[in-house]
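The exercises below ask you to read a protein model slowly, one residue or element at a time. Try each task with the structure in view before you turn to its solution.

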Amino acid sequence: MILGILGSAAKDSVSREILLRAGERLTRGGSRFRLVDLAVEFPEAHCLEEYDEPPPGSQTAQLRALAARCEAAVLATPVYHGSYSALLKNALDHLTGDALTGRPVGLIAAGGGPRGAGTACDQLRTVVRALGGWAAPTHVATTAADLVSGPALDFLDARLDALAAELLSFPARAPDSS
């Protein structure tokens with residue numbers, strides 16, 4: 001399973017749209033794609049006191065279990081003040097330091113301009129590395145303007161195709177059984 005983690009609270013966000021487009025490509029490539037909408041499934045701030053031993057069924061325990069079972073992940077975020085969302089940051093902070101060990105991770109950021117989105121992807125590369133993952137070389141930094149038919153959408157589609165190909169070509173790692 002490839003885990004798509006959405007760090008946007010907006011129902012009609014660009015980051016959601018791009019993540020779903022990535023998911024379609026991954027599914028066509030033969031993988032099962034599981035969208036985790038943090039605003040819906042994990043809306044509460046995680047409890048720091050439960051970090052070392054999260055209670056069964058807690059948001060932290062559930063998110064860790066999903067990460068343990070995935071073969072790859074895609075992180076998608078809106079860009080706020082040149083960085084990724086607090087919703088995504090909160091979720092990633094509650095994964096263990098080896099949560100993504102040996103797994104490829106795709107990065108998607110949607111902002112008001114491509115430079116801010118690229119910066120958010122660069123910041124997420126560091127986080128992926130800290131979690132033991134391998135950030136795919138191709139990231140998708142986009143804006144709402146890229147979703148209009150024409151050269152920008154064609155380029156976006158080519159980036160999504162490249163990202164999906166990189167994730168699908170990474171040597172398979174058996175997910176944890178937990």
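**Exercise 1.** Find the element in which Y84 lies, and decide whether Y84 is buried or exposed.

Solution. Start with the position along the chain: in this predicted model, Y84 belongs to strand 4. Next take the relative accessible area, which is 13% for Y84; since buried means under 20%, Y84 counts as buried because of this value. Then look at what surrounds the residue: leaving out residues up to four places away in sequence, Y84 touches T77, P78, K89, A120, Q123, L124 and V127. Finally, compare sequence with space: Y84 and I108 are 24 residues apart along the chain, and their C-alpha atoms are separated by 9.9 Å.

**Exercise 2.** Classify H81, A86, K11 and A141 by their relative accessible area, and say where each of them is placed.

Solution. The cut-offs needed here are that exposed means over 50%, while partly exposed lies between that and the buried limit of 20%.

- H81 sits in the loop between strand 3 and strand 4 (83-84), and with a relative accessible area of 87% it is exposed. Its phi is near 50°, which is a positive value in a residue other than glycine.
- A86 is part of helix 4, and its relative accessibility of 60% makes it exposed. Between A86 and P137 there are 51 residues of separation in sequence and 24 Å in space, from C-alpha to C-alpha.
- K11 is found in the loop between strand 1 and helix 1, and at 61% relative accessibility it also counts as exposed. Apart from its neighbours within four places in sequence, K11 is in contact with R16 and V40. The C-alpha atoms of K11 and A39 are 9.3 Å apart, although the two residues are 28 places apart in sequence.
- A141 belongs to strand 7, and its relative accessibility of 27% makes it partly exposed. A141 and L167 are 26 residues apart along the chain, with their C-alpha atoms separated by 17 Å.

**Exercise 3.** How many of the residues of helix 3 are buried, and which elements cover them?

Solution. Eight of the 11 residues of helix 3 are buried, and the helix is thus mostly covered. They are Q59, T60, A61, L63, R64, L66, A67 and A68. Among the elements that cover these buried residues are strand 1, strand 2, helix 2 (38-41) and helix 4.

**Exercise 4.** Describe the largest nonpolar core and the largest cavity.

Solution. First take the core, which has 31 residues, with L3, L75, L88, L92 and L107 touching the most other members. Two or more residues come from each of strand 1, helix 3 (59-69), strand 3, helix 4 (86-93), strand 5 (104-110) and helix 5 (114-130), and helix 5 gives the largest share, six residues. Another core, of 21 residues, lies apart from this one and includes V14, V140, L163 and L167.

Then take the cavity, where the count comes to one of 30 Å³ or more. The largest cavity holds about 40 Å³ of space, and its lining consists of L3, I5, A67, C70, A73, L75, L92, L95 and L100. Strand 1 (2-6) and strand 3 (72-80) are the elements that give two or more residues to this lining. Sorted by class, the lining has nine nonpolar, no polar and no charged residues.

Notes
Residues are numbered from 1 along each chain as its sequence is written. This is a predicted model: local features need pLDDT of at least 70, side-chain atom pairs count only at pLDDT 80 or more; totals for chains, interfaces and linings use all residues. Side-chain values use heavy atoms; hydrogens and water are left out. On a 1 Å grid over the protein atoms alone, a cavity is a set of points where a 1.4 Å probe fits but cannot get out, and a pocket is an open set with protein on both sides within 12 Å along at least five of seven lines; lining residues have an atom within 4 Å of a point. Grid points are joined across faces, edges and corners, and a volume is the space filled by probe spheres set on the points. Helices (H or I, at least four residues) and strands (E, at least two) are DSSP runs, numbered from the N terminus. Ala, Val, Leu, Ile, Met, Phe, Trp, Tyr, Cys and Pro count as nonpolar, Asp, Glu, Lys and Arg as charged, and the others, Gly among them, as polar. A nonpolar core is a set of buried Ala, Val, Leu, Ile, Met, Phe, Trp, Tyr and Cys residues joined through side-chain atoms within 4.5 Å. Buried means under 20% relative accessible area, exposed over 50%, partly exposed in between (1.4 Å probe, protein chains only). Contact means heavy atoms within 4.5 Å.
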